[in-house]
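Here are a few friendly notes to read beside your model. Keep the viewer open as you go through the points.

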Amino acid sequence: MHDIWSILTDAEWIAAVLASAAAGPTKSDLKDAPLLDQWSNVSYPGEDVMRLFGVVKNHPTIDDKTLTTSPLFAVDPEAGWARTRSRWYRLSPNFVPANEADRDAELAALVAGLDVLRAGIHRSLRQHQNTENQTSKPD
């Protein structure tokens, strides 16, 4: 299993992303955000993170095509947005569930799973900061 720090890196950046995700996007955040269409949630074996997969439009560094996002920190499917490690995304209403009959349950599980993941990241950040503080104290 990958250590979460090897995937996320940079504790200060992660703390800022978590705060941003908790506050939700501003209109300015979403104005030029890429659009993710025909999207679904995805995770990979050995990773302790969630990601989104879908067809992206207007991404600043990637041509319009399918992509897997960087690690996901927050999502509000009803409001149509997601926050990943690297950026905000606008979400189309075209969520693609693994099983159409379980669409609402899958969306609810995605949101709940992110709550658990964020709590774990917060714990890891505190531990990381405590370790940093202990190693920076003079003897």
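1. Let's begin with a loop residue. Thr-69 is buried, because its relative accessibility is 2% and the cut-off for buried is under 20%. Please keep in mind that this is a predicted model.

2. Where does Thr-69 sit? It lies in the loop that runs between β3 and β4. Setting aside neighbours within four places in sequence, Thr-69 touches Leu-36, Arg-51, Leu-52, Thr-84 and Tyr-89.

3. One of those partners, Leu-52, deserves a look of its own. With neighbours within four places again left out, Leu-52 is in contact with Leu-36, Trp-39, Ser-40, Asn-41, Val-42, Leu-67, Thr-68, Thr-69, Leu-72, Ala-82, Leu-91 and Leu-110. Two names in that list, Trp-39 and Leu-110, come back in the next point.

4. Which residues have the most contacts inside the largest nonpolar core? They are Trp-39, Leu-52 and Leu-110, in a core of 29 residues. At least two core residues come from each of α2 (11-23), β1, β2, β4 (72-76), β5 (81-84), β6 (88-91) and α4 (103-136). The top contributor is α4, which supplies six residues.

5. Now for the backbone. Most residues other than glycine have a negative phi. Gln-38 has a positive one, near 50 degrees, and is not a glycine. You will find Gln-38 in strand β1, which covers residues 35-42. Is the residue buried, partly exposed or exposed, and why? Gln-38 counts as partly exposed because its relative accessibility is 46%, and that class lies between the 20% and 50% cut-offs.

6. Asn-58 also shows a positive phi, about 65 degrees, without being a glycine. Asn-58 is placed in the loop between β2 (51-57) and β3 (65-68), whereas Gln-38 belongs to a strand. Both spots are worth a glance in the viewer.

7. Stepping back to the whole chain, there are four helices and six strands. In sequence order the pattern reads α-α-α-β-β-β-β-β-β-α. The protein chain has 139 residues, and 38% of them count as buried; Thr-69 falls in the buried class too.

8. Finally, some totals. Among contacts with a separation of 6 or more, 56% join residues 24 or more positions apart. The accessible surface of the protein chain is about 8,200 Å², and carbon and sulfur atoms account for 50% of that area.

Technical notes
Residues are numbered from 1 along each chain as its sequence is written. This is a predicted model: local features need pLDDT of at least 70, side-chain atom pairs count only at pLDDT 80 or more; totals for chains, interfaces and linings use all residues. Side-chain values use heavy atoms; hydrogens and water are left out. Buried means under 20% relative accessible area, exposed over 50%, partly exposed in between (1.4 Å probe, protein chains only). Contact means heavy atoms within 4.5 Å. Accessible areas come from the Shrake-Rupley method with a 1.4 Å probe; for residues, only the protein chains shown count as cover. A nonpolar core is a set of buried Ala, Val, Leu, Ile, Met, Phe, Trp, Tyr and Cys residues joined through side-chain atoms within 4.5 Å.
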